[in-house]
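Please read them beside the model.

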Amino acid sequence: PYIDALFTATTATCVTGLVTLPTVTTWSVFGQAVLLALIQIGGLGVITVMSFLLVLTHRKLKLSDHQLLQDAFNLNSLSGLAQFVNKVVIGTLIVEGVGAALYMCVFIPQFGVRGIWISIFNAVSAFCNAGIDIIAQDSLCQYVTHPLINGVTAALIILGGLGYIVWWDVLRVLRNPHRRGWRHLTLHSKIALSMTALLILVGGAVLFAVERNNPDTIGNMPLWQQIQASLFQSVTTRTAGFATVPQENLTNAGALTSMLLMFVGGSPVGTAGGIKTVTLAVLAASAFSTITGRQETTLFHRRLSDGAVRKAVAVVGMSATILFLSTLLLCAVTDAPLLDILFETVSATATVGLTRALTPLLNTAGKIIIIATMYLGRIGPISLAIALGTRKQGVNSVKNPTEDISVG
């Protein structure tokens with residue numbers, strides 16, 4: 001049906017991963033190739049792909065193209081953008097190629113020649129945080145105890161979710177023998193790396209604590225495998241969408257923890273969705289400054305601009321609004337349990353792709369709601385942040401008088 005084809009095209013382009021029909025049995029090789037192309041374009045970004053094609057055909061980028069790229073990558077300068085796009089595309093292909101080669105060590109012995117296609121598809125999907133696979137209907141559940149599949153998939157998810165700015169900053173520091181070390185990284189990289197590590201480790205610890213006695217998820221596994229599955233669940237909720245345990249079998253505490261991790265997502269200027277790790281860090285720092293009576297918001301001994309704080313509030317506010325409205329509408333058109341509905345809408349808003357087995361059961365109205373949610377979740381907060389970042393207030397604009405109000 002067209003609605004299912006539209007749903008699948010949307011989930012691939014928005015690199016979400018929710019599917020109404022099983023990918024492995026529904027689509028031909030041609031259909032899977034279309035999906036892979038949409039995932040790659042959605043992961044890199046339409047602006048990046050189009051700009052790379054212009055550079056590849058030796059067409060000069062116009063000033064408007066440079067400004068679009070500057071906004072898309074949240075950069076401070078227009079210089080060197082064409083080279084930056086080249087590095088993004090080439091770096092992406094290299095990482096995906098290495099991931100595919102490692103996958104082939106498992107998938108070729110298991111699936112034969114078809115394992116090559118599965119490896120390529122899975123590597124692109126994992127790096128782009130799409131969560132769509134062509135292995136089985138239960139995602140990666142059969143590989144819950146496989147260290148190579150878990151490790152490669154988690155590494156691709158994390159690398160894609162960290163963002164390209166962090167990549168180049170880390171490489172810059174490593175290449176300079178006189179300026180190596182954590183203190184030489186930019187503030188953005190420090191926040192992204194520390195928040196990513198913190199959320200993965202804390203999220204994995206909480207999931208391990210609340211699921212270790214649940215026989216329907218990890219309760220019957222040895223300790224090491226429980227830790228591995230918990231850490232993978234913590235990683236995949238960062239908007240990747242691959243599942244090694246059935247999400248509908250999670251305890252209420254496990255589902256709530258997963259939803260919080262999904263809502264945060266990855267880091268800016270990467271392939272992940274969510275409100276982003278840096279946004280959460282800025283909000284937390286701002287709240288801490290207010291509570292402690294400080295006049296400035298600081299992180300790692302650096303003062304954050306008021307514009308960054310306002311942008312973080314706007315992104316979270318818009319994401320929360322999209323989440324609330326989609327949850328309300330989905331509740332109105334389906335009689336599924338509220339936890340399953342909320343899990344579904346959080347997954348769609350943050351472009352994650354995990355589901356408690358609700359997506360295939362959606363009616364037409366529910367599918368339309370999730371399609372709109374995935375679309376808004378992918379472009380809404382980002383577009384708003386760009387608009388707030390590029391809009392300049394007039395030099396001679398009139399300022400309204402200030403008046404105190406009671407807050408909180």
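What volume does the second largest cavity have?

1. The second largest cavity has a volume of about 60 Å³. A cavity here is a set of points on a 1 Å grid over the protein atoms alone where a 1.4 Å probe fits but cannot get out, and lining residues have an atom within 4 Å of a point. Grid points are joined across faces, edges and corners, and the volume is the space filled by probe spheres set on the points.

2. This is a predicted model, in which local features need pLDDT of at least 70 and side-chain atom pairs count only at pLDDT 80 or more, while totals for chains, interfaces and linings use all residues. Residues are numbered from 1 along each chain as its sequence is written, and side-chain values use heavy atoms, with hydrogens and water left out.

3. The lining of the second largest cavity consists of L207, E211, I218, A229, S230, Q233, V245 and L250. Helix 10 and helix 11 (223–236) each give two or more residues to this lining, and helix 11 gives the most, three residues. Helices are DSSP runs of H or I, at least four residues, numbered from the N terminus.

4. Over the whole structure, the search finds three cavities of 30 Å³ or more. The largest has a volume of about 70 Å³; its lining residues include N129, T196, V235, R238 and G266. Helix 8 (147–162) and helix 10 (187–211) each contribute two or more lining residues, with the largest share, four residues, coming from helix 8.

5. There are eight aromatic pairs. Rings of Phe, Tyr and Trp (its six-membered ring) pair if their centres lie within 6.5 Å; planes under 30 degrees apart count as stacked, over 60 as edge-to-face and the rest as tilted. Y103 and F107 are stacked, because their ring centres are 5.4 Å apart and their planes at 25°. These two residues are four apart in helix 6 (residues 81–111), about one helical turn. Both Y103 and F107 are buried (under 20% relative accessible area, with exposed over 50% and partly exposed in between; 1.4 Å probe, protein chains only). Together with F111 and Y143, Y103 and F107 form one aromatic cluster.

6. W117 and F121 are edge-to-face, with ring centres 6.1 Å apart and planes at 70°. Both lie in helix 7 (residues 114–127). W117 is partly exposed at 23% relative accessibility, whereas F121 is buried at 0%.

Notes: On a 1 Å grid over the protein atoms alone, a cavity is a set of points where a 1.4 Å probe fits but cannot get out, and a pocket is an open set with protein on both sides within 12 Å along at least five of seven lines; lining residues have an atom within 4 Å of a point.
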